[in-house]
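Biologist: Please show me the model, and let us examine on what grounds its descriptions rest.

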Amino acid sequence: MNLEYVLPADIEKRSFEIIESELGSEIPADIKPVVMRAIRTTADFDYVENLYFSPNVIDTALAVLDKGAVIVTDTNMAKAGINKPALARHGCECMCFMADEDVAATAKLGGTTRAAASVDKAAKLGRPVIYAVGNAPTALVRLCEHISAGDFVPELVIGAPVGFVNVVQSKEMLIASGVPCIVARGRKGGSNVAAAICNALLYMLDNKKGFQK
């Protein structure tokens, strides 16, 4: 087997070329950067079909990021994977409350998960929020409860928890809530997917504004 020689700076470009050559169908231009980056992150072409985009969600996402949104993640892994220079270019920041002592105490007192308690903490930020979920379906369920009550409605929710217990159900609840969302339907997802979707949106805004990532 012959190895392909690719300069480090060209690995990402070459990866996208390979993905493009192996795609079995056309992807609409407005969502293509998100789908392509999800595939590159996972090497899983199922994301061509699995990713759900609510109507006009890309325009909504870019407008929110352009205003300096806070991205709240349900894992520090997802937070670590989001491009910090890209966040800074657009006046955005990323937060994760999962390791906070007050979140742990609230979860224990209420008999719930830290992911759900983190949602409650995010509800008090008083700022435009993009909530990116890559691990905990309980975070999506709690978000849907807030959305239904009308006391905390994120500008965008990225729903990509992975697993078997209430994962599919929580994603469908999110879609049914009517909030702008990008959802990895089914059991697949993960913190890497949530971060990849955030990065794709940030890079799309870079391109729109003529920035170099």
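Modeller: This is a predicted model. The accessible surface of the protein chain comes to about 10600 Å², and 53% of that area belongs to carbon and sulfur atoms.

Biologist: What makes the protein chain as compact as a globular protein of its length?

Modeller: The secondary structure of the protein chain consists of 11 helices and six strands. Its radius of gyration is 17 Å, and the globule rule gives 17 Å for 213 residues; the two values are close, so the chain is as compact as a globular protein of that length. The C-alpha trace spans about 60 × 35 × 30 Å along the principal axes. Of the 213 residues, 47% count as buried.

Biologist: Why is Ser 54 called buried?

Modeller: Buried means a relative accessible area under 20%. Ser 54 has a relative accessible area of 8%, and is therefore buried. Ser 54 lies in the loop between strand E1 (51-53) and helix H4 (57-66). Not counting residues up to four places away in sequence, Ser 54 touches Val 179, Pro 180 and Cys 181.

Biologist: How do you know that the buried residues of H4 line one face of the helix?

Modeller: The buried residues of H4 are Val 57, Ile 58, Ala 61, Leu 62, Val 64 and Leu 65. Seen down the axis of H4, they fall within an arc of 165 degrees, and therefore line one face of the helix. An α-helix has 3.6 residues a turn, so residues three or four places apart point the same way.

Biologist: Which residue just after H4 takes a positive phi?

Modeller: Gly 68 does, with a phi of about 85 degrees.

Terms used: Residues numbered from 1 in each chain as written. Predicted model: local features only at pLDDT ≥ 70, side-chain atom pairs only at ≥ 80, totals over all residues. Heavy atoms only, no water. Helix = DSSP H or I, 4+ residues; strand = E, 2+ residues; numbered from the N terminus. Buried < 20%, exposed > 50% of the residue type's maximum accessible area, 1.4 Å probe, protein only. Contact = heavy atoms within 4.5 Å. Arc of directions from axis to C-beta. Rg over C-alpha atoms; globule rule 2.2 N^0.38 Å. Areas by Shrake-Rupley, 256 points an atom, 1.4 Å probe, with all protein chains shown as cover.
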